[in-house]
Amino acid sequence: LGRDRFRPFWKFLAVKALVSIVFFQGYFLNTLLSTCLSLSQAQLDFSYACMVSIEVLPLSALVLYAWRPKEGDWHEGDIYKGSAGVRVELADGTGSSLND
């Protein structure tokens, strides 16, 4: 992958931010909000899910910036392109057509 298509620092930063948010936000909600606001466990769980849902969108955009997939990329061979004449090799060495 060329440096113009893969930015490892930004991908690392996005993943690190997500892991940190998940850990610290869970701790914050369980300790501070449950004691200060007297929220029930169901309310804490709902608050946590809502916050994570909102926070994941900008992190997803950052990952897309860090590694934008393009046609002809390294993973293209893993994409299923249709069943016409496709042959699947099994672990035991035998093969079968998807049309069989």
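Helix axes here are lines fitted to C-alpha atoms over the stretch in contact, and angles run from 0 to 180 degrees between N-to-C directions. Helices (H or I, at least four residues) and strands (E, at least two) are DSSP runs numbered from the N terminus.

This is a predicted model, in which local features need pLDDT of at least 70 and side-chain atom pairs count only at pLDDT 80 or more, while totals for chains, interfaces and linings use all residues. Residues are numbered from 1 along each chain as its sequence is written, and side-chain values use heavy atoms, without hydrogens and water.

Colour by pLDDT, the predictor's confidence in each residue from 0 to 100. The chain mean is 75, and 64% of the residues score at least 70. Where pLDDT is low, the predicted coordinates should not be read in detail.

Select helix α1 (residues 8-36) and helix α2 (residues 41-66): their axes lie 10 Å apart, at an angle of about 165°. The two are therefore roughly antiparallel (angles over 145 degrees). Their contact comprises 18 nonpolar, six polar and two charged residues; Ala, Val, Leu, Ile, Met, Phe, Trp, Tyr, Cys and Pro count as nonpolar, Asp, Glu, Lys and Arg as charged, and the others, Gly among them, as polar.

Next, select S38, in the loop between α1 and α2. S38 is not a glycine, yet its phi is positive, about 55°. Most residues other than glycine have a negative phi. S38 is exposed, at 58% relative accessible area (buried is under 20%, exposed over 50%, partly exposed in between; 1.4 Å probe, protein chains only).

Finally, select C36, which is exposed at 59%, and C50, partly exposed at 31%. The whole structure has zero disulfides (pairs of cysteine sulfur atoms within 2.5 Å).

Notes: Parallel < 35°, antiparallel > 145°, perpendicular 65-115°, else oblique.
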